[in-house]
Structure formats: structure tokens, C-alpha cells
Amino acid sequence: TVCPGDRLGRARHFKSGPGTHVKGGLVFSSLVGIISMEKDPQPTIRVDRSSNHNAVLSVGQAVLCRILRISTQQAVVEIVAFDAALSEPAVTEGGTRLPQFRPIAAFASATLPNGVIRKEDIRSGASEDVEVYSSFLPGDIVHAKILSLGDSRRYFLTTCEPELGVIRAICSSSGKHMVPLSWKEMQCPETKAKELRKCAKPVTISP
């Protein structure tokens, strides 16, 4: 499963197909879905969303979301995938149940569910010590949980648990995927530049 903004290959090697786009000579995913390849006649890379799962979101359920915008008090997100492990056979590793994320079935429409991560729900501890701008940036992919169903417009989400937080982020200078150094810092593997984030503790995510 790939997420929006994931780099899929170089445009000189692959033609951009449905569910992808080209930027700076690279092919990126435009949505959450499954990657596939066609050869007719030039290798064409595409991403297809799954229509086999209808997302029924509930309190405590894990989700993947993309940061849309941030302010001093909250981050607004769109939910792009949900943990279907509760309704499917469990996948475990060392006795721990692994998340099984599935794309939101309505991803291609304009009805992706929205959510909010409030300042006080970013991490444990005093909220006055938390800065939204040091935790997330627009475009980040975040592993979160549904805290409450919120209002008719959006869900309230939390990243307070150690395994919750940013799982994919792009370096603002190089455009490369960064890797976590600690729970609060990520680094670009190319430029070695460091950026602040509320990082998720690494966990295996079942496809």
C-alpha cells in the first residue's frame, strides 16, 4: 500500500498512469492504494484504490491521515486509511497485533473524512509544552487513533501514544523521505538536515 506523495520511480523509466503524477522528473502516488505496473508499450506505473472495504470508523480505531494545515492550536487532517484488523483475521508479530491499514473506499471522491489533532492531544504531558509547528507539517502522513467522533464535520484524533505520530515526512530542502532519529526529530538521509516532528515509534504495519 502506498500513500499520497510516495515516490514510485523516475519519469524517464516509467510513464505516469492513473493515480500518479509527475513532479521534478519523478513519479509520485496521488492517492492511497495498491501499486501495479503495465507494459503497453512503455512501462506504466499506476495506483488503484481498493473498493472492497467500506470504512466504518469508531473510537479507538487506528487511522492514517495526511496533514492539510496547521495552526498554533491544532492540525487539520484528512483520513486516508483505517485499521481493518478488527474485522479481519489478526496478523501478529511476537504476540502483538499489527495494524492492517486499508484505503478509505471513497478516496477518489471529495468526501474523505476530516479530522483534527488538537494541541493537547499531540503527546502526553502539559499541553503548554507542545508546539503544533514542531510536531507536524502539511503533507506529513500520521499514524493516529480516533479519540472521539467529534461533530458532523470532523473526527477528533490523538497521537499521544508512543507508536502514534508522523510515519512519513518529506525533507523541505531535498524532497527526500526523512528517517526518525528520536521521538521528536527526523533527518534527511541525503542532506543530513534535521527537522522537528512528533515521531511514531517504529512499528510493522501489515499490508
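Q: In strand 4, which residue is the bridge partner of arginine 7?
A: The partner of arginine 7 is phenylalanine 28. Please keep in mind as you look that this model is predicted.

Q: What makes strand 1 and strand 4 a pair?
A: Two strands count as paired if at least two bridges are found between them. Strand 1 and strand 4 (residues 26–29) have three bridges, so they meet that cut-off and pair, in the antiparallel sense.

Q: Why are strand 1 and strand 3 said to stand at the edges of their sheet?
A: The sheet is open and has three strands in the order 1-4-3, with antiparallel pairing. Strand 1 and strand 3 (20–23) each have a single partner strand, so one side of each is left without a neighbour in the sheet. On average, neighbouring strands of this sheet are turned by 30° against each other, direction ignored.

Q: Where is alanine 11 placed?
A: Look in the loop between strand 1 (7–10) and strand 2 (15–16).

Q: Why is alanine 11 called partly exposed?
A: Partly exposed covers the range between buried, under 20%, and exposed, over 50%. Alanine 11 has 27% relative accessibility, so it belongs in that middle class.

Q: Which residues does alanine 11 touch, not counting residues up to four places away in sequence?
A: With those left out, alanine 11 touches Val22, Gly25, Leu26 and Val27. As for glycine 24, it is 13 residues from alanine 11 in sequence, and the C-alpha atoms of the two are 8.7 Å apart in space.

Q: Why is glutamine 187 called buried?
A: The cut-off for buried is under 20% relative accessible area. Glutamine 187 has 16%, so it is buried. This residue is found in strand 17.

Q: What makes the approach of glutamine 187 to lysine 192 a polar contact?
A: A polar contact needs a pair of N or O atoms within 3.5 Å, one able to donate a hydrogen and the other to accept it. The side chain of glutamine 187 reaches the backbone oxygen of lysine 192 at 3.1 Å, so the distance is inside the cut-off. Lys192 is also among the residues that glutamine 187 touches, including Met178, Val179 and Leu181.

Q: What makes glutamate 161 and lysine 145 a salt bridge?
A: The side-chain nitrogen of Lys or Arg must lie within 4 Å of a carboxyl oxygen of Asp or Glu. For glutamate 161 and lysine 145, the closest N and O atoms are 3.3 Å apart, so the pair qualifies. Glutamate 161 lies in the loop between strand 14 (154–158) and strand 15 (165–168), and lysine 145 in strand 13 (residues 141–148), so the pair ties together parts that are 16 residues apart in sequence.

Q: Are glutamate 195 and arginine 197 buried or exposed?
A: Both glutamate 195 and arginine 197 are buried. Their side chains meet in a salt bridge at 3.1 Å, N to O.

Q: How many salt bridges does a search of the whole structure find?
A: The search finds eight salt bridges.

Q: How many helices and strands does the protein chain have?
A: The chain has zero helices and 18 strands. Of its 207 residues, 41% are buried.

Note on methods
Residues numbered from 1 in each chain as written. Predicted model: local features only at pLDDT ≥ 70, side-chain atom pairs only at ≥ 80, totals over all residues. Heavy atoms only, no water. Helix = DSSP H or I, 4+ residues; strand = E, 2+ residues; numbered from the N terminus. Buried < 20%, exposed > 50% of the residue type's maximum accessible area, 1.4 Å probe, protein only. Contact = heavy atoms within 4.5 Å. Axes fitted to C-alpha atoms, helices over the stretch in contact; angles between N-to-C directions.
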